[in-house]
Amino acid sequence: MVIAVKCWLGCLSSDCKYCFVKRGGWAEKKPRYDLNKVLSTIRRLSKENPDEVITLHGGEPTDLPKKDFVRLLKEIYKLKGRTAMQTNGFNIDSWYIRQFKKYKTSVGLSFDGPDECNLLRGKGDDKERLRMTKKLEKTINRLIEEKIPLSFIIIVHRKNGIENRGRLKYFLSKMAHKGIREGRLNLCCITENIPSKEFELSIPEAIEVYKDLYDFCTRTGLSYSPFKDITNSLLGKKEVVCVFGSCDIFCTPSIKSILHDGTIANCVKTYHEGFPFMRAELYQPQIREQLLLETDCKGCKWWDYCKGGCPNHGIHSDWRRKDKFCPVYKVLFNLIYTDLKSKSLLPSKKCQVPTKQYSGNHSDGIVHSDGPMKHLDSGRSV
Amino acid sequence: MTPFTRIVWKNEKSRDKWGPRLRRIRRLYQETEWEMTKRGYRKAATVHITFDNYFKIATRLIDDELLFLPIAKSSYYSGFSHCHRTPRRGQPYFIYGVLSRNKKDALRFKEMSSSPEKVHLELGKLLGYPRCCTVSFNQRWGAGIIDPMWEAALKTKGAKLTGDNDRQIVEITPSPYCNQLLRYFGIRITSHLPCSFDCKETIKKGKEWERVMKSIDREAYGWLKELLSLPLVWDAYRGILQVNIPLFLGITTTGYTEEKFIIKTK
């Protein structure tokens, strides 16, 4: 599990077109957090969960006033001896790099690829967004030069999946040569709050894009999610992303969020109209599991490895349905299963991910706490 | 689906304030079921006996000069269930039965409960339900509708129907006496499923329950009435129900539907 500190769900430095927090109306215009309450919850959760990573999150953590940003880093460093952060990277300059070095920060960067690949991120018109992306690419190089542990969360959509996929792949290769061989390739998911079909890939498109990216990653020795997670799931390993774990949308096992007033909440994807922010006391994955086993996922041979996918991606944006990307995952499961079988890598008897014990976590920062094992996406030691 | 109920609080303030209140409200309702029979407002009530409450109930029966006649064993469920399930051998269970002031009514209730046709009209009469509601319930249950809230909403005056391909939505203003949309969590005034959410007979009955409730715990009754007057969204889909009020989101089981059915109250 990861503890994500979300003092402020807002963001000044970017206006990402697929942001479900902003589009859902949850992004506050101005920060209004109580830092003492947030710090108090950080200390309490750190004591209760000594092995878990605490990551600065949001919104955008670098849009916080610098003194508060440092105070948070300092506290987390005091508790854990290291820090982590998920960021859009647009504000990172020498000052931030100095803090990263001082507080041993692993940086998880939300970046969809070079040039036009990243057009849905940033703000302003396309020209301005391109300019911001160019600057960010320089920042990435600087972070690597300064040996700041770095990994990427890449949202796959029309701009980088269909229109500029070659550039995305070239970028991934370039990063691999610089030591960054792991990260995430998450499908852009449109919900009721983000009605535009402009960004999201259709199912046939997502299948084609993912198959190509899987082939690319396999040939070049890259280890990107979801391919890595599906492989691990089929091999019976515990390091599997939460999407393929047994999620309870009211008590998300992969992440605990600390909100502006110190409240402990769930994964940010759960935030939408009328939904409780506050985390339920008990983790009860069996409700959705039983429902899906009797309905959408009845008889599915990949159930034990998939568990119906992410409840926040449920069909019709409803957690009572299976993940709408199910057809995509099925293709990947078949593909990777066949690959593993051809290499005689599958375990001798069918491995089942235990139903009662949740074993999948994910961190948006560089240290991915996938299950009880921690591994570094960057492959660099921290 | 295995029956369950779950309350997810919206924030700590709601939980800390209303958590203890909910417990008192539930106790009030259970107490009122008993008192309505004892005081002669109805001929019978249904009671569940477990190993935990057996001694308390046995003593109280003597004190209140009431009798309990067991009808069936029911496998244990937490919170709320739409029907009783026969326990398997070795499974924990409770005893479901009838509470009454006299042997004749108790036997009649048991006879009607055990009959293959489950004579709901007669049972409803013994339980003090309005006839119109019992007739509706009989029709709806007979049609396989185990949670007839949507049907009751449609029969409510002023019901506004909207929706699209994927979901049906109805907006109503229910009387708190008729409001059974939170009963899964122990929040209700009357004990029957009304034919509509503005049924005149139910409102009349509701005022009897109100009198008894106030005599037991006036403060808790005030909270109960407050809860039943809050705006609410009842959202049933694929056998799982979400009931959303400003204080919490309640989740439980309901009848299976392929489409989403939503009731919004004002």
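1. In this predicted model, B:S14 is buried, its relative accessible area being 7%. The residue belongs to helix α1 of chain B, which covers residues 12–38. Leaving aside residues up to four places away in sequence, B:S14 has contacts with B:W9, B:G19 and B:L247.

2. Chain B holds an open sheet of three strands, ordered β2-β4-β3, with antiparallel pairing. The edges are taken by β2 (44–49) and β3 (67–75) of chain B; each has a single partner strand, so one side of each has no neighbour in the sheet. From one strand to the next the twist averages 25°.

3. β2(B) and β4 of chain B (residues 93–100) run antiparallel and are joined by six bridges. Within this pair, B:A44 is opposite B:S100 of β4(B). Helix α3 of chain B (residues 103–114) packs on the sheet and touches β2, β3 and β4 of chain B. The direction of this helix makes about 20° with that of β3(B).

4. In chain A, helix α2 (residues 35–48) and helix α3 (residues 66–80) have axes that come within 11 Å and cross at roughly 15°. α2(A) is therefore roughly parallel to α3(A). Their crossing is right-handed.

5. On the α2(A) side of this contact are A:L35, A:N36, A:V38, A:L39, A:I42, A:R43 and A:S46. They meet A:D68, A:R71, A:L72, A:E75, A:I76, A:L79 and A:K80 of α3(A). Sorted by class, the contact between α2(A) and α3(A) has seven nonpolar, two polar and five charged residues.

Notes:
Residues numbered from 1 in each chain as written. Chains lettered and ligands numbered in written order. Predicted model: local features only at pLDDT ≥ 70, side-chain atom pairs only at ≥ 80, totals over all residues. Heavy atoms only, no water. Pairing = 2+ DSSP bridges. Helix = DSSP H or I, 4+ residues; strand = E, 2+ residues; numbered from the N terminus. Axes fitted to C-alpha atoms, helices over the stretch in contact; angles between N-to-C directions. Contact = heavy atoms within 4.5 Å. Buried < 20%, exposed > 50% of the residue type's maximum accessible area, 1.4 Å probe, protein only. Parallel < 35°, antiparallel > 145°, perpendicular 65-115°, else oblique. Left-handed = near helix turned anticlockwise from the far one by under 90°. Nonpolar A, V, L, I, M, F, W, Y, C, P; charged D, E, K, R; others polar.
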